[in-house]
Amino acid sequence: MYKKLKSAIAPYEAVGVVAAQSIGEPGTQMTMRTFHYAGVAEHVPTGLPRLIEIVDAKKEPKKPIIDIYLKKDFRSEAEAAKVARELSSVFVSDVAEVEDDLQNLTVDITYSEKDGKALGVSFAALRKVLEESSAKLRISENVITLYPKKVKPKEGEKEKEVTARSVRKLANRIKDGIVKGVRGIHRAVVVKGDGEYFVRAAGFNILGAMEHPAVDSKRIYTNNIKEIERVFGIDAARNSVLKEIKDVMDMQKLYVDTRHIMLISDAMTNSGKVRSIGRHGLSGQKVGVLGRAAFEETVKHLINAAAFSDEERLVGVTENIIVGQTVPVGTGKIRLAMSHKK
Amino acid sequence: MEINKILDRIKFSLFSPEMVRKMSATKIVVPDTYDDDGYPIDGGLVDTKLGVVDPGLRCKTCGGRVKECSGHFGHIDLVRPVVHVEFAKHIYLVLKSTCPNCHKLTSRKAIKEVVEKEPVEETAASEIPSLMEVVAPAITEAAPAVKTEKAALPQVPEPESDFEDKGKKKKGKKEKAKICAHCGQPLPEIKLLKPTGFYKDKAMLLPSDIRDWMSSLSDDDLKEMGFDPLYSRPEWMIITALPVPPVSVRPSITLETGERSEDDLTHKLVDIIRINQKLEANINAGAPQLIIEDLWELLQYHVTTYFDNETANIPPARHRSGRPLKTLAQRLKGKEGRFRYNLSGKRVNFSARTVISPDPRLSLAEVGVPQAIAEELTVPLAVTEWNLEHCKACILAEKYPKAVYVLRPDGKRLKVGDTPELRKEISENLKVGWILERQIINGDISLFNRQPSLHRISMMAHIVHVLPGKTFRLNPVVVSPYNADFDGDEMNLHMMQTEEAQAEARYLMAVEKQLLSPRHGHAIIKPQEDHVSGLYFLTRDNADFSKEEASNMFFLIGITELPEPDRKDRYSGKLLFSQLLPKSLNAKVKSKLGEEIVIRSGKLIKGAVESKAMEGEVLEQIFVLEGPEYTRDFLNRVTMLALESISLHGLSVSIKDYTLSPKAEEKVNGITGMMDREIDNLVMQYRSKSLERSPGLTLKETLEGLIVQITSKTREDVGKLVEEDLTIENPSIIMAKIGARGSLLNAIQMSALVAQQTVRSKRLARGYRKRILPYFKPGVLTGRERGFVYSSFRKGLTPYEFMPMPWAAVRPWSTLPSGPPGPDTCSAGS
């Protein structure tokens with residue numbers, strides 16, 4: 001009990017500053033080492049670039065990665081490879097040549113047997129996908145010709161003619177159409193880790209991957225924090241911020257106590273949304289006029305403050321330094337009383 | 001120091017012209033400073049009512065002298081109002097969102113939000129119309145409805161929910177005329193011609209018109225826009241009375257020639273008054289409107305540059321020499337501006353800086369302070385009834401520890417001079433309650449800091465220890481938190497001037513309180529390098545010492561009673577080491593060398609101490625068990641003992657230590673030969689395309705990956721060989737193994753071979769077409785051709801082995817992504 005009390009943080013200790021220093025001080029030694037994730041998306045940024053990415057709460061990491069763990073029966077190498085093949089998205093343009101014929105206003109899709117076989121997409125499968133489009137098909141050996149239909153006009157709108165432009169649009173849409181696999185999951189490979197095989201791929205479509213029956217939806221993971229927030233909620237996002245920062249630090253062999261990283265991920269997520277650190281995110285709003293003026297665009301901040309008669313409440317460290325007062329942290333917040341016994 | 005006022009908040013607001021006049025000490029009318037006799041002109045820019053800067057003169061407003069009077073504002077009444085440049089945008093938005101006819105709000109968007117959410121970049125003049133869409137989206141949509149219901153619609157129409165369909169709305173806007181929702185009058189198009197010109201449907205708006213327009217807005221509308229009618233009314237953004245800052249804000253300097261040189265602000269104010277007078281004269285003389293407007297424009301220019309001389313689109317006002325003037329905005333802005341240079345960065349007194357050098361005989365909690373610095377720095381010493389005599393002695397003292405100043409309770413500061421009479425006089429008058437400022441002495445607390453201050457332990461409290469010499473001395477064991485070395489590093493020392501600060505430093509910032517880092521909870525101040533080697537030699541099983549040697553060491557660590565020898569008449573190193581351990585310490589760990597280290601009840605029973613065991617099991621344990629002060633003393637003594645031990649044992653290396661036996665040399669050649677064959681084999685497979693491609697990689701990448709694996713395996717194999725051949729008695733190997741300094745790799749590279757050079761963990765590939773150096777045939781992919789160094793540092797490198805070394809050593813630490821491979825990238829040969 002005594003040791004526990006001794007280990008407690010003192011009131012008003014500037015824990016955020018200590019956390020920042022703990023990450024920042026070794027951060028100066030961080031190099032731009034990039035790590036090789038076997039097979040997937042060439043180089044996944046680690047080190048400083050990745051750390052900046054996390055802390056800035058980027059919508060999408062530069063190289064999104066998804067780890068898809070499998071249910072018990074699918075953890076063998078062969079099964080995993082099968083799942084990987086099924087998950088990897090294959091575009092129409094991967095297995096067929098898509099050309100728009102502007103003269104006849106049709107789209108010609110030429111199936112390539114070689115590519116199709118390699119990717120496991122049969123002609124029939126391609127045809128099935130194309131049938132879902134709102135166009136008439138005419139099939140002649142390996143070639144599917146699409147005749148775009150006139151779109152049924154919505155109420156109040158004029159009937160639209162099939163134009164060269166709409167044909168080109170359709171052709172482009174078809175190229176990006178998915179014949180197989182899950183949209184947003186590419187280049188899936190099988191990776192062995194912790195005594196089991198799982199699938200690692202580029203991309204982050206969690207919900208899409210979960211639909212696959214072999215996928216263990218409880219253990220799916222991606223390095224896209226915003227996606228985790230969207231799918232699993234803020235607590236999961238908090239944990240993933242923690243994990244991602246920790247991974248970066250571990251990879252650089254910089255040992256930082258988890259509690260510093262916990263503090264940072266808590267601060268980034270405690271509003272219910274993942275916010276970035278920095279002037280647009282969690283420290284941005286709190287800073288007073290003087291603090292902002294000292295940081296950048298001095299004149300603009302002062303002018304706006306005057307125009308809208310803002311008030312500087314002097315709650316921050318910077319602001320109090322500017323006016324020359326004790327800063328409101330640590331012993332600066334504590335007042336002492338002396339017992340005066342005679 | 002007593003704090004009697006605490007700032008709680010600061011309110012920012014605009015000055016009304018009335019306010020400016022009210023707080024003005026005098027109206028400034030003369031565009032000049034001093035008369036021929038060198039006295040300030042009344043009503044001039046350095047009128048003594050504004051305060052004084054010359055010693056000897058008194059302020060006419062408060063009667064104070066230079067230091068007593070901080071100055072008073074004056075003002076200039078402008079005959080025609082002008083726009084305040086910095087507020088041009090705000091004015092523009094107000095005009096945009098109100099009706100010139102009925103002076104009512106036509107938009108609900110708070111201007112405050114528009115201004116504050118605006119991106120950092122300045123809006124270019126051409127972009128301004130687009131702002132319109134943001135501010136007044138309601139106008140167009142509401143207009144048709146109003147037409148039918150006639151003029152006075154009491155409410156402001158709801159603003160458009162979103163800008164969902166921008167393109168559509170733009171079209172609509174052009175078709176429909178903009179009409180005020182309140183009075184049905186068409187709304188003019190307002191344009192801002194940067195920096196200060198306003199146009200209403202192509203006709204120029206005069207500042208006076210703008211002011212009239214804005215003054216007739218209702219308080220409720222102002223609130224709606226985000227203003228506070230009490231503190232910041234938009235019409236105050238048009239200047240009618242210009243405040244003139246006190247002289248102390250713009251002091252003039254006297255050059256050696258006796259010539260006076262005025263501050264840039266004063267120059268600018270002279271210009272303003274001059275034009276103001278000219279304008280007034282012309283108006284009174286009934287000059288044509290055109291001339292008046294020209295002068296008005298000129299007045300606007302001068303007032304604009306007075307606020308910001310870097311305003312876009314207008315030429316900066318220049319000094320006679322052609323240098324642009326530094327006006328108000330320039331004073332505040334940027335790295336050298338008031339905010340960042342003076343307000344965020346404070347300067348201190350009572351500090352010193354000099355080169356640092358090591359002194360292992362100092363305590364790690366101490367800092368060696370040069371005599372000269374100790375004589376310069378002072379700390380306050382309150383005179384009490386208990387130390388009165390001591391204080392008197394301080395004042396009377398002729399040399400070093402003496403009092404330099406005496407502070408009387410009335411605030412008067414007396415210098416304790418060199419004359420004995422003066423000293424005597426002061427000491428006789430000395431009373432309780434006075435404060436001495438005495439030179440620093442041994443035992444005083446100081447703050448010691450090395451920049452860059454990357455973490456809080458870059459600044460710690462050390463005990464002063466005055467020493468001869470000119471450098472700060474510190475125990476080499478504390479260099480790690482400062483990240484200091486002694487190749488010319490300088491450090492700063494600060495003396496705290498209040499008891500409170502000193503107490504906080506002693507209790508919170510003392511070195512011994514920082515032994516464990518807040519970053520990871522492990523020791524950051526710990527025995528290093530020679531300490532580790534010394535302790536290893538000391539605690540090795542075969543280490544023992546004669547009575548004489550042992551006595552010396554016991555004395556060093558403060559043990560004056562000789563214990564019983566444990567090895568007949570000799571003392572084992574383990575016994576010596578155990579003397580320092582607390583009885584409460586127990587440990588059992590595996591050391592880096594693989595043997596077991598056992599400590600029982602503060603006695604080292606088995607094993608030799610190395611860095612990991614020292615740090616984790618001994619130091620941190622002691623800190624937890626016995627507290628900071630005990631650990632500090634332990635560290636002091638253990639490092640002393642270690643250094644004595646390493647001095648007795650001796651530790652050095654020579655060329656011989658890095659020479660492999662001929663047999664080992666042979667083996668190294670065998671290993672590299674094998675590697676070459678393996679690489680050849682792989683390259684052959686690659687060329688014949690029979691190499692199996694790894695998933696997700698190109699064939700080339702697969703090959704490179706495999707070759708890198710082979711080269712690193714080669715290095716490992718050679719490493720094992722070197723380790724065996726050089727034996728554990730080799731100093732270099734010992735140091736690497738116990739974690740004192742260096743690594744096995746260093747020994748390998750010096751004795752056997754340097755091995756593969758890599759850039760971004762890949763073999764070298766750039767340089768010439770299909771080869772890295774012109775010595776090679778293009779397209780060859782074997783070891784030598786791709787940066788494998790077969791020589792050792794001892795043998796020396798061939799030119800083509802030497803060149804790759806600096807390439808591999810350069811690490812672009814920037815975060816720039818590696819761009820697309822340049823044209824010089826050499827790809828695989830056919």
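Here is a short chat about a predicted model with chains A and B.

Visitor: How do you know that the length of helix α2 of chain A fits a helix?

Guide: Helix α2 of chain A, residues 15–27, has 13 residues, and at 1.5 Å a residue these should span 18 Å. Its end C-alpha atoms are 18 Å apart, so the two agree.

Visitor: Which helices do the buried residues of α2(A) pack against?

Guide: They pack against α3 (47–55) and α12 (258–269) of chain A. Among the buried residues are A:Ala19, A:Ile23 and A:Gly27.

Visitor: What makes helix α2 of chain B "mostly covered"?

Guide: A residue is buried if 20 or more other C-beta atoms lie within 10 Å of its own. In helix α2 of chain B, residues 88–96, nine of its nine residues are buried, so "mostly covered" is what we call that helix. B:Lys89 and B:Lys96 are on that buried list, along with B:Ile91 and B:Leu93.

Visitor: Which residues have the most contacts inside the largest nonpolar core?

Guide: They're B:Leu576, B:Val609, B:Leu641 and B:Val718, in a core of 90 residues. Leaving out residues up to four places away in sequence, B:Leu641 touches B:Leu538, B:Met553, B:Leu556, B:Ile557, B:Leu576 and B:Leu580. Another core, of 71 residues, lies apart from it, with A:Ala293 and B:Phe307 among its members.

Visitor: Why is β13 of chain A said to pair with β1(B)?

Guide: Pairing takes at least two bridges. Strand β13 of chain A, residues 311–312, and β1(B) have two bridges, in the antiparallel sense, so they count as paired. In β1(B), B:Ile10 is the bridge partner of A:Glu312.

Technical notes: Residues numbered from 1 in each chain as written. Chains lettered and ligands numbered in written order. Predicted model: local features only at pLDDT ≥ 70, side-chain atom pairs only at ≥ 80, totals over all residues. Helix = DSSP H or I, 4+ residues; strand = E, 2+ residues; numbered from the N terminus. Expected span 1.5 Å × (residues − 1). Buried ≥ 20, exposed ≤ 12 C-beta atoms within 10 Å, placed from the backbone. Contact = placed C-beta atoms within 7 Å. Core = buried A, V, L, I, M, F, W, Y, C linked by C-beta atoms within 7 Å.
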